[in-house]
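Biologist: Can you walk me through this model? Start with the terms, then the details.

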Amino acid sequence: RDPKPMPGLYEALEALEARGLPLAVASSSPMPLIEAALDGLGVRARFQHVCSATAETHGKPHPAVYLRAAALLGVPAHECLALEDSLNGAISAKGARMVLAAIPDRRHVPQDKLVKFAFADVVLESLADLADVDTWRMLGEA
């Protein structure tokens, strides 16, 4: 069964690559599942590193997997932009002191629960919003 991309995935990757940003995955899923999803979506080669929290002493919401991804990219964590659809992942990213763009899965997060993501630097409707210059202004040109 092929994985379904989040809306705007391919547009977001193009926008991030156009900015020359190195990309990594920091997921709480096991590595075989991450790799199968990335391969199924045809995007594996677009990421310089893939990290699973299962390889860390602590999983999300601990920031370890995000800190590892930043270290592998050679970028200070506070200079990284994290894209997160889950609350534990968002907590993990902010714990790593990253700039956070939350993209809650609207199928699973009702409108009245979006307030839980209020600590994010920006809450987006879709990954495609990363192609919008206004998003980057809200992020302080992260």
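Modeller: Helices (H or I, at least four residues) and strands (E, at least two) are DSSP runs, numbered from the N terminus. This is a predicted model, where local features need pLDDT of at least 70, side-chain atom pairs count only at pLDDT 80 or more, and totals for chains, interfaces and linings use all residues. Residues are numbered from 1 along each chain as its sequence is written, and side-chain values use heavy atoms, with hydrogens and water left out.

Biologist: Which elements each supply at least two residues of the lining of the largest pocket?

Modeller: They are α1 (9-18), β1, α2, α3 (64-73) and β3. A pocket here is an open set of points on a 1 Å grid over the protein atoms alone, where a 1.4 Å probe fits, with protein on both sides within 12 Å along at least five of seven lines; lining residues have an atom within 4 Å of a point.

Biologist: What gives the most to that lining?

Modeller: Helix α2 does, with six residues.

Biologist: And how many of the lining residues are nonpolar, polar or charged?

Modeller: The lining has 36 nonpolar, five polar and nine charged residues. Asp, Glu, Lys and Arg count as charged, Ala, Val, Leu, Ile, Met, Phe, Trp, Tyr, Cys and Pro as nonpolar, and the others, Gly among them, as polar.

Biologist: Switching to strands. How do β1 and β2 pair?

Modeller: Strands β1 (residues 24-27) and β2 (residues 49-52) are parallel, over four bridges; a pair needs at least two bridges found by DSSP. Val-25 of the one faces Val-50 in β2.

Biologist: What order do the strands of the open sheet take?

Modeller: The order is β3-β4-β5, three strands with parallel pairing. Both β3 (81-84) and β5 (122-123) are at the edges with a single partner strand each, so one side of each has no neighbour in the sheet. Between β3 and β4 (residues 99-102) there are four bridges, and Leu-83 is opposite Ala-101 in β4.

Biologist: Where does the charged end of Arg-19 sit?

Modeller: It sits over the ring of Trp-136, 3.9 Å from the ring centre. The test requires NZ of Lys or CZ of Arg within 6 Å of the ring centre and within 35 degrees of the ring normal.
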